[in-house]
Amino acid sequence: MKRLIVAIALLLSVAVLCALFLLSLDRNIDFLLSRIDEMQEAYERDDAGDCLTLSEKFVQEFDERTRFFPFFMRHSDIAKIEESVIVLPVMLRSGEEAHWTSELAKCRNQLEKLADMETLTLENIL
């Protein structure tokens, strides 16, 4: 009977940790998507200085917000997004605004796809 109680306790603790991770993932991805919205708004206002500052800040925030993601998901998923994030400030500094907007859209799409893949649905479980 003791083994059964220990097994149930372990199973419940794993379920709680998974739920906490999913909540953290959703919260962090929502935060990053809101930062992308801020960068897009700054670009639409033609505020290049603010846009560059936000892009540089976004790179740091992306690293901070996603540092624990590889513990629970594939590293390649995060690495693909990081490749888009890192080049954002570089593109603005070099004057490639058209490429910057496409990379920003790519980054947004990848974050949204990541959120969809990690959402607890029957499709994702099976």
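# Close-up views of a helical chain

**View 1. Leu-88 lies in helix 3, where helices (H or I, at least four residues) and strands (E, at least two) are runs assigned by DSSP and numbered from the N terminus.** This is a predicted model, in which local features need pLDDT of at least 70 and side-chain atom pairs count only at pLDDT 80 or more, while totals for chains, interfaces and linings use all residues. Residues are numbered from 1 along each chain as its sequence is written, and side-chain values use heavy atoms, with hydrogens and water left out. Leu-88 has a relative accessible area of 0% and is therefore buried, a word that stands for under 20% relative accessible area, with exposed meaning over 50% and partly exposed in between (1.4 Å probe, protein chains only). Once neighbours within four places in sequence are set aside, Leu-88 is in contact (heavy atoms within 4.5 Å) with Met-39, Ser-55, Phe-58, Trp-100, Glu-103 and Leu-104.

View 2. Which residues does Leu-111 touch, leaving aside its neighbours within four places in sequence? Leu-111 is in contact with Ile-29, Leu-32, Leu-33, Ile-36, Phe-62 and Ile-81.

**View 3. The aromatic rings form 4 pairs by the rule used here.** The centres of the Phe-58 and Phe-62 rings are 6.5 Å apart and their planes meet at 45°, so this pair is tilted. Under the rule, rings of Phe, Tyr and Trp (its six-membered ring) pair if their centres lie within 6.5 Å, and planes under 30 degrees apart count as stacked, over 60 as edge-to-face and the rest as tilted. Phe-58 and Phe-62 both belong to helix 2, where they are 4 residues apart, about one turn of the helix. Phe-58 is buried, with a relative accessible area of 0%, and Phe-62 also counts as buried, at 1% relative accessibility. Phe-68 and Phe-71 make another tilted pair, 5.7 Å from centre to centre and with 40° between the planes. Phe-68 counts as partly exposed because its relative accessibility is 45%, whereas Phe-71, with a relative accessible area of 61%, is exposed.

**View 4. The charged end of Arg-65 sits over the ring of Phe-31, 3.7 Å from the ring centre.** A charge is said to sit over a ring if NZ of Lys or CZ of Arg is within 6 Å of the ring centre and within 35 degrees of the ring normal.

**View 5. Glu-82 is another residue found in helix 3.** Its relative accessible area is 28%, so Glu-82 is partly exposed. Apart from neighbours within four places in sequence, Glu-82 is in contact with Phe-62 and Asp-63. Glu-82 and Val-59 are 23 residues apart in sequence, and their C-alpha atoms are 8.3 Å apart in space.

**View 6. Asp-46 is found in the loop between helix 1 and helix 2.** Although Asp-46 is not a glycine, its phi is positive, at about 60°. Most residues other than glycine have a negative phi. Is Asp-46 buried or exposed? With a relative accessible area of 69%, Asp-46 is exposed.

**View 7. Ile-125 has its place in helix 5 (residues 122–125).** Ile-125 counts as exposed because its relative accessibility is 57%. Its C-alpha atom is separated by 40 Å from that of Thr-53, 72 residues away along the chain. The secondary structure of the protein chain comes to 5 helices and 0 strands, and the C-alpha trace spans about 70 × 25 × 20 Å along its principal axes.
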